[in-house]
Amino acid sequence: MKSKLLTPVKLANGIELENRFVLSPMTTNSSTAEGFITEEDLLYAERRKKTAPLQITGAAYVNLEGQLFEYGFSVHDDACIPGLKKMAQAMKSGGAKAILQLTHAGRFANYYVTTNKRAVGPSYMELNSPVEHIVHPLSIEDIQKIREDYKHAASRAIAAGFDGLEISSAQRLLLQTFFSTFSNERHDEYGVDTLENRSRFIIEVFEDVYEVIKKEASKDFIFGYRATPEETRGEEVGYTVEEFNQLTDWLLERVPLSYMAIASWGQNIYLNTVRAEGPHHGRLINEVVYEHLNGRIPLIASGGINTVEKCEAAILHADMIGLSSPFVAEPDFVEKLKSNHIDDINLDVGVEDIERLAIPKAAFKDIVLMMDYGKSLPQHTRDEFRKLEENY
């Protein structure tokens with residue numbers, strides 16, 4: 001019997017994909033310091049052109065304050081378009097749909113924080129990681145400016161020839177922090193007093209970007225949504241899955257999303273259970289969200305899924321499976337599954353495999369620590385990638 005993983009699936013905008021795999025965002029940290037695409041970025045994308053029929057770039061920052069990693073790539077200026085155009089072409093050269101992820105890292109902007117000792121967010125905070133710094137609260141005017149940055153970034157993605165774009169409101173990125181009661185202590189129209197106010201910035205950005213898509217993109221342009229369905233800190237809860245599902249409903253009432261991708265911290269994310277007390281306590285988060293979507297848009301499960309067995313388990317409560325680190329080490333993961341050579345799938349690679357895998361020689365600065373956290377790749381592989389530090 002053919003695995004569900006290898007059967008076609010339709011996005012909510014009607015585009016059919018040949019199988020259920022997605023190349024999830026992975027920043028290789030191989031662009032220039034100014035955020036421009038390099039030849040190594042392109043070779044990496046070219047080597048992975050057949051990994052999955054839907055491919056999503058690493059985070060492209062919409063303005064300089066939102067720069068997450070030192071050598072991530074940017075979409076904050078028209079000068080970025082020529083390089084992004086080459087990136088889109090490389091990703092699409094094997095028949096995949098190429099998606100550009102738009103991101104403002106907010107207080108998670110590690111590189112901006114390190115160099116400026118400050119970040120931006122909904123409310124004032126004093127933080128110590130990665131260095132001691134403050135989070136500067138955004139004014140209403142600042143928020144309007146960032147909304148414009150997202151619109152301009154969307155326009156550049158379309159001009160560069162991407163088949164779609166994805167907005168991430170996951171994992172402590174700026175949009176997520178406005179929804180979070182951990183980060184948001186405001187009492188204005190973007191503040192914590194109501195769920196509507198906490199949701200406002202996210203909804204506005206999606207509406208703004210959709211206006212650009214309607215005017216400038218083709219009718220089959222893909223519009224994706226990446227988010228974290230429950231925020232927890234120990235036993236504390238920043239927002240519940242019920243609140244998240246309500247936000248999703250409001251988004252779907254306003255914009256025609258093509259898919260949703262779940263993203264969070266830790267290992268085996270697809271097995272995360274609801275921590276907050278309530279009707280879904282203890283249930284799989286993916287299952288709760290999947291049931292709530294009820295087929296309105298396809299759901300992408302991701303996070304720690306690095307074997308065929310885990311893919312089969314995760315697809316029980318999702319429509320598609322997102323892989324990032326596994327596709328770094330094994331770009332032929334899906335091809336080997338198709339040809340029934342599962343035993344040949346190998347995530348344990350070394351520096352001697354860098355050229356064969358088209359991995360940039362100075363890749364993964366600041367990223368290996370995140371790989372350590374998720375453990376999607378074997379310890380030996382992560383240690384081998386750590387050796388690339390000598391090339392930074």
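A pocket is an open set of points, on a 1 Å grid over the protein atoms alone, with protein on both sides within 12 Å along at least five of seven lines, and its lining residues have an atom within 4 Å of a point. The model is predicted, so local features need pLDDT of at least 70 and side-chain atom pairs count only at pLDDT 80 or more, while totals for chains, interfaces and linings use all residues. Residues are numbered from 1 along each chain as its sequence is written, and side-chain values use heavy atoms, with hydrogens and water left out.

**View 1. Lining of the second largest pocket.** This pocket holds about 190 Å³ of space, a volume being the space filled by probe spheres set on grid points that are joined across faces, edges and corners. Its lining consists of N13, Y210, I213, K214, A217, S218, K219, F221, F223, P256 and S258. Helix α6 supplies three residues, the largest share; helices (H or I, at least four residues) and strands (E, at least two) are DSSP runs numbered from the N terminus. The lining comprises six nonpolar, three polar and two charged residues, where Ala, Val, Leu, Ile, Met, Phe, Trp, Tyr, Cys and Pro count as nonpolar, Asp, Glu, Lys and Arg as charged, and the others, Gly among them, as polar.

**View 2. Packing of α4 against α6.** The axes of α4 (residues 140-159) and α6 (residues 195-216) come within 9 Å and cross at roughly 35°; axes are lines fitted to C-alpha atoms, for helices over the stretch in contact, and angles run from 0 to 180 degrees between N-to-C directions. On the α4 side, the contact (heavy atoms within 4.5 Å) involves I143, I146, R147, Y150, K151, A154, S155 and I158. The α6 side contributes F201, E204, V205, D208, V209, V212, I213 and E216. Ten of the contact residues are nonpolar, one is polar and five are charged.

**View 3. The largest pocket.** About 980 Å³ of space lies in this pocket. Among its 37 lining residues, F108, Q171, R172, W265 and Y373 are the closest to the centre. The lining divides into 14 nonpolar, 14 polar and nine charged residues.

**View 4. The open sheet β6-β8-β7.** Three strands in this order form a sheet with mixed pairing; two strands pair if DSSP finds at least two bridges between them. The edge strands are β6 (118-121) and β7. Strand β6 pairs with β8 (residues 133-137) in the parallel sense over four bridges, and V120 has H136 of β8 as its bridge partner.

Terms used:
1 Å grid on protein atoms, 1.4 Å probe; cavity = no way out; pocket = protein on both sides within 12 Å on 5 of 7 lines; lining within 4 Å.
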